[in-house]
Amino acid sequence: MDATKQRVHPRFVKGKYQNIRLFTMYAILVAFLVAPWIRWNGRQAILLDVIEPKFYIFGATFMPQDFYFFAFVFIIAAMLLFMVTVYAGRVWCGYACPQTIYVHLYQHVEKWIIGERNKRIKFDKQPWNAEKIMKTLAVHAIWLVISAITALTFIAFIVGTDYLFFNGHTPFFMGWSKMTWIFFLLITFVTQTNGGYMREHMCVHLCPYGRFQSVMFDKDTLLVSYDYERGEPRGARKKGDHPEGYGDCVDCNMCVQVCPTGIDIRDGLQVECIQCAACVDACNDIMDKVGYPRGLIRYTTERQMLEKQKTKIISPRIFAYIFVLGASIVAATLVATGRAPLELEIRHDRKQLSHERHGQVENSYVLKIVNKTDERQVYRVRLDGDNTAGMTLRSRFDKLPLQANEPYDLPVSIIGDANVVKVGSTPVTITVYTEDGKYSASATDNFVYQPKK
């Protein structure tokens, strides 16, 4: 009655799907490590500054008022993941998930220091001695270096590579703040724990994606499956021999040995399966050796394997996801391309709508001006509209210089001649524009005049 989860030491296998998987995983890893070092217009191309807060993404600057744009990004990512899951199951888990990438990388370190699967299993069981201590320390030291590099890269997206590495201190980490050190140590610890210890436990017990996948699967979802009719009853035999009454499965357990989560794919679809197709490549290699056709374990669908019918590539559910995904991409594109380089918001002084003195009526406003360009701009303010007879605009500054992506609250007043302006509320328009006339924005509010009785 021992329910202890045994440590999984998968055998590494070569094959078509593993080649695709390795290329995909390590391309993503390299892209992650390189991305913070890419420069764009003299600035880090991707900088997610949560302190200011401002997000710089390839020349575009997103501030808190622009964060609705990221709602579209999350919707697109979710719809894309759902669509892929309906069509190809947990292919994200097996080919692109960061947890899978780091577990695979950390296990390769074990293979390099300790040896292949059998040696690693034997190594776990042997008593502690000088050799085991030295090899364990070597493994953890390399893991720690990888975890530290990961933490530095992750933090570089937040604070920037300039602050992290080129802060004028030698060594560079002497210039870090306490918060930077806290996050560096925390991310290093989490990476080390996930890749070195948690491993398949994260996929099996903690990740919610594996839990709701069954809701999204249908008869046309492409899954890694064992052909039960062809393989059973299983049994060992000599090369080139096919005993009567036996299926094609030679019961070599190679599909179990290569599985990163330690399951037996022959038991059917399981929540632990991450669709990495390692069992497919391993089984195909065994089938080649014994002279049987490939495909005992393969990517297939329930409709094709059980009902012997052709898989429906375009189903109503796939079509619905494609429609929603396409609409989200179009909406996100329109929002991104339609971002104004100058943002203007006008707020009337709510404490005192108007003030009358010496035949003059004064209304006070605050203009929230945001320079959303990546260059320094000098702005001016003017009063526009057809209903502004007898009114003049007064501003604290004749010229307002703002740095790139800088916001500013500018108090202004509109002074009206009590003998000319209308009683009640009069719509007025205030325009902010750059000196070169390249950018401008207007906002409308009311000029209020209520004569004293």
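The charged end of Lys-132 lies over the ring of Trp-128, 4.6 Å from the ring centre. A charge counts as sitting over a ring if NZ of Lys or CZ of Arg is within 6 Å of the ring centre and within 35 degrees of the ring normal. Arg-43 is placed over the face of Tyr-56, at 4.0 Å from the ring centre. The model is predicted: local features need pLDDT of at least 70, side-chain atom pairs count only at pLDDT 80 or more, and totals for chains, interfaces and linings use all residues. Residues are numbered from 1 along each chain as its sequence is written, and side-chain values use heavy atoms, with hydrogens and water left out.

Aromatic contacts were then counted. The structure contains 20 aromatic pairs. Rings of Phe, Tyr and Trp (its six-membered ring) pair if their centres lie within 6.5 Å; planes under 30 degrees apart count as stacked, over 60 as edge-to-face and the rest as tilted. One aromatic cluster consists of Trp-37, Phe-165, Phe-166, Phe-172, Phe-173, Trp-176, Trp-181 and Phe-184.

The overall dimensions come next. The protein chain has a radius of gyration of 32 Å, whereas a compact globule of 453 residues would have one near 22 Å. The radius is taken over C-alpha atoms, and the globule rule is 2.2 Å times the number of residues to the power 0.38. Along the principal axes, the C-alpha atoms fill a box of roughly 110 × 60 × 45 Å. The secondary structure comprises 15 helices and 16 strands. These are DSSP runs numbered from the N terminus (helices: H or I, at least four residues; strands: E, at least two). Of the 453 residues, 44% are buried. Buried means under 20% relative accessible area, exposed over 50%, and partly exposed in between (1.4 Å probe, protein chains only).

Two cis peptide bonds involve proline. The bond from Thr-170 to Pro-171 is cis, with omega near -5 degrees. Pro-171 belongs to the loop between helix H7 (161–165) and helix H8 (178–198). Glu-232 and Pro-233 are also joined by a cis bond, with omega about -10 degrees. Pro-233 is in the loop between helix H11 (228–231) and helix H12 (254–257). Most residues other than glycine have a negative phi, and most peptide bonds are trans. Asn-41 has a positive phi of about 55 degrees. This residue, Asn-41, lies in the loop between strand S1 (39–40) and strand S2 (43–44). Asn-41 is exposed, because its relative accessible area is 69%. Asn-253 also has a positive phi, near 65 degrees. Asn-253 is located in the loop between H11 and H12. Its relative accessibility is 33%, so Asn-253 counts as partly exposed.

Ala-45 lies in the loop between S2 and strand S3 (46–49). Ala-45 is buried, because its relative accessible area is 1%. Ala-45 and Val-73 are 28 residues apart in sequence; their C-alpha atoms are 18 Å apart in space.

Salt bridges number 22 in the structure. Each is a side-chain nitrogen of Lys or Arg within 4 Å of a carboxyl oxygen of Asp or Glu. Arg-39 bridges to Asp-162, with the closest N and O atoms 3.6 Å apart. This pair links distant parts of the chain: Arg-39 is in strand S1 and Asp-162 in helix H7, 123 residues apart. Arg-39 is partly exposed at 39% relative accessible area, and Asp-162 is partly exposed at 41%. Lys-135 forms a salt bridge with Glu-131, the closest N and O atoms being 3.2 Å apart. Both residues lie in helix H6 (residues 130–159), four residues apart, about one turn of the helix. Lys-135 is partly exposed at 25%, as is Glu-131 at 44%. Arg-382 pairs with Asp-384, with closest N and O atoms 3.1 Å apart. Salt bridges that share partners join Lys-219, Asp-220, Arg-303 and Glu-307 into one network.

A nonpolar surface patch is formed by Tyr-87, Ile-313, Ile-314, Phe-319, Ile-322, Phe-323 and Val-324, with about 750 Å² of accessible area together. Patches are made of residues with over 30% relative accessible area and no salt bridge; like charges are joined within 9 Å, and nonpolar side chains (Val, Leu, Ile, Met, Phe, Trp, Tyr) within 5 Å. Accessible areas come from the Shrake-Rupley method with a 1.4 Å probe; for residues, only the protein chains shown count as cover. Helix H15 (residues 316–337) contributes the most to the patch, with four residues. Val-324 is in helix H15. Val-324 is partly exposed, because its relative accessibility is 35%.
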